[in-house]
Amino acid sequence: MSIASNASAGAPRIHLSQDMQQIIYRLLAAGLLCLALSLATDAFLTSNNILNVLRQASLLFFLASGLTLVILTGGLDLSVGANIGLSACLAATVIKATGSPILGTLTGLATGCVIGICNGLMVAKLRIPSFIATYGMLWVLHGITYYYMAGETIHGFPPGFRQIGSGHFLGIPIPVYLMVGFLVAGTVFAQRTVWGQQIYAIGANPVAARLTGIPIDRRLILVYAFSGAMAGVASIVFLARLNSAEGDIGEALTLPAIAAVLIGGASLFGGVGSVFGTFIGALILTLVLNGMNLLSVNANWQPLVTGVIVIFAVWLDMYGRRKA
Amino acid sequence: MTDHALSPSRPLRLPSVPGVAISLVGLVLLFAFSSPGFLSTGNLSNILVQSVILLLIALPMTLIIMTEGLDLSMGAVLTLASLVLALIIVSTQSLILGLLGALAVGLAFGFVNGSLVAVLGIPPFVATLGTLGAAQGLALIVSDGQSVVGIPRFVRQAYSGTVAGIPTPILIGIGFYALFHVLLYYTRFGTYIRALGGNRDALTLAGVRWRPILIAVYMLGGSMAGVAALLMTARMNAGHPTAAIGMEFDAIAAVALGGTSFEKGNGWIFGTLLGVLTVGVLRNGLNLMAIPSSVQVACIGALVIFALFIDGMRSHKS
């Protein structure tokens, strides 16, 4: 939690809260990464590529921002990738059947939200450890999606809908605007509202949180519902971008989403992290993957690199705590 | 669990009503009535043979979960090991070298997993999720996304051969079950494993260096993935870069169904055997009813959540 330490009178040094320092380190890392990439390849520092990076980061951010709230409570949601799969496929079906992008979008969001609520109920009411409950949910969702799609692809959506994923406004991709919107909303929610602070409190010290009278079960269900709904948002943007839906559409996104949150400085033990940190985390991870792409590293290396980054980020967090 | 208050000091508690046994019998009865071919000797032996690969990774998974750990990387490591095995066998025609390669892959990943958990203190589900990504990536890299074919005929014997009329996989399964049973209940290593989940502080106070033991548990898991890779490759007669993706879920399902707890380190290796058979029977029966594999996965997922719910209720009561 950021408590700005008051600079003692006469001290010329600017004091920064611990959170602020963490954010600045990460911004520096992102900056260095940009510098290294622009030196290594000409293709990096083009406006096309920068916009591309931002658009890719936005997709990751949608998923990771909801996940951040879950991780702030000390939980984990492994079902987000599979959630995208089912939400996108159902949304695609509705758009195809009714021709209405609005109904389709609502279907995607609602599907994501309902899945999230189920996760929340399992964690809060049935008291199943979150990583196992959402892992079980992952496979249930995979099963349903694969059965429902039966290997088919749904493609070809109305141009208006596709604007959400591939359109531009003032030269900047629409998903980037959405990302900024969710970034501001998420930050305000987490830092400036009672519910947001309660979420931090639950993760930082569950016992104290219960004793203070925070309705833990309801807040837990809320964060998992948020995480599910954000997966729904990601599924819509993804769908609009790809212009087609398949059963395995979000499968490869769970690990990167977790990586983005952890790179962003959130702790798996709860109570530490921020939506803005996750934004930078998503940016750094996208820069790494984009850089590998530009340096024509085989795409097969991406899961390996992401996996190593996840472990490294957690280790960094553990190391920092041990020193503190 | 009603006699909990009466005998608080019993170190090893068997579930008073093994729910997994009931569900196994229930499923067998259900499928016996619904699909006529189910109870044939051929099909029953088929179930056993097909369950062996799952058993080989569910056994060490039980030990890992008993230490309050988890290994999500096991399916991916199994896949990578089977690719390495296939590549070595294809190029050297030597089963021994291939098996050694697969074991080396498993042991290396086990060592990394164990070190991340025991030495760096990273929560196991995230550490092994990271190594899952690494193993999956390596599997794509070594195979370049292609299947490895051209496995010599003799390798197939490991899966389809028989000894004295009994299929080889079943003998392998029985052998490893016995090994793990002895390991868990009759050795000091087993006692430490049981203490690692739920009472780690006692080990520290007793002066036991538990970190190497915990690493060894994960390495045991990795090496079993190596052994399972041999059967898997022999069964498919090829190495495939997505062959065992998600198999860790079946293993975790079997362990959870078997009544091993994720939080207190209470485990029951025979329960895991029953859990493996339950998953095997469920998949086989649903296959006979021509229910697609995707729905089978969803059924197993639902079953696991249910089993955990029961587990949570029990630990909540006590």
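Let's start with one residue, B:Ile57. Set aside its neighbours within four places in sequence, and B:Ile57 is in contact with B:Met74, B:Leu78, B:Met224, B:Ala225, B:Ala228, B:Met247 and B:Ala251. One reminder: this is a predicted model.

Now the core. The largest nonpolar core holds 211 residues. Which of them touch the most other members? A:Leu63, A:Val310, B:Ile57, B:Leu78 and B:Ala228 do. Helix 10 of chain A, residues 216–242, gives the most to this core, with 17 residues. Note that B:Leu78 and B:Ala228 are also among the contacts of B:Ile57.

Next, the contact between the chains. Chain B puts in 37 residues, and chain A puts in 33. On chain B, helix 5 (124–143) and helix 13 (293–317) each supply at least two residues of the side that touches chain A. The largest share of that side is from helix 5 of chain B: 14 residues. What is the make-up of the side of chain B that touches chain A? Its residues divide into 25 nonpolar, 11 polar and 1 charged.

Over to chain A and its own helix 5. That helix covers residues 130–149, 20 residues in total. From first C-alpha to last it reaches 28 Å, close to the 28 Å expected at 1.5 Å a residue. Is it mostly covered or mostly open? Mostly covered: 18 of the 20 residues are buried. What follows helix 5 of chain A? A:Ala150 does, and its phi is positive, near 50°.

Last topic, the annotations. UniProt, in an unreviewed entry, lists "transmembrane region" for chain B at residues 20–40, 47–66, 72–90, 97–119, 163–186, 213–232 and 288–310. Take two of those. Residues 72–90 of chain B are 89% helix and 0% strand, with end C-alpha atoms 29 Å apart. Residues 163–186 of chain B are 79% helix and 12% strand, and there the end C-alpha atoms are 29 Å apart.

For chain A, the unreviewed UniProt entry places the feature at residues 23–45, 57–76, 102–124, 131–149, 169–190, 220–240, 252–269 and 301–319. Again, two examples. Residues 23–45 of chain A come out at 78% helix and 0% strand, with 24 Å between the end C-alpha atoms. Residues 252–269 of chain A come out at 56% helix and 0% strand, and their end C-alpha atoms are 24 Å apart.

That's my tour. Over to you.

Key:
Residues are numbered from 1 along each chain as its sequence is written. Chains are lettered from A and ligands numbered from 1 in the order in which they are written. This is a predicted model: local features need pLDDT of at least 70, side-chain atom pairs count only at pLDDT 80 or more; totals for chains, interfaces and linings use all residues. Helices (H or I, at least four residues) and strands (E, at least two) are DSSP runs, numbered from the N terminus. The expected span of a helix is 1.5 Å times one less than its number of residues. A residue is buried if 20 or more other C-beta atoms lie within 10 Å of its own, exposed if 12 or fewer, and partly exposed in between; C-beta atoms are placed from the backbone. Two residues are in contact if their C-beta atoms, placed from the backbone, lie within 7 Å. Ala, Val, Leu, Ile, Met, Phe, Trp, Tyr, Cys and Pro count as nonpolar, Asp, Glu, Lys and Arg as charged, and the others, Gly among them, as polar. UniProt positions are given in the numbering used here, feature names are shortened, and annotations may be inferred rather than shown by experiment. A nonpolar core is a set of buried Ala, Val, Leu, Ile, Met, Phe, Trp, Tyr and Cys residues joined through C-beta atoms within 7 Å.
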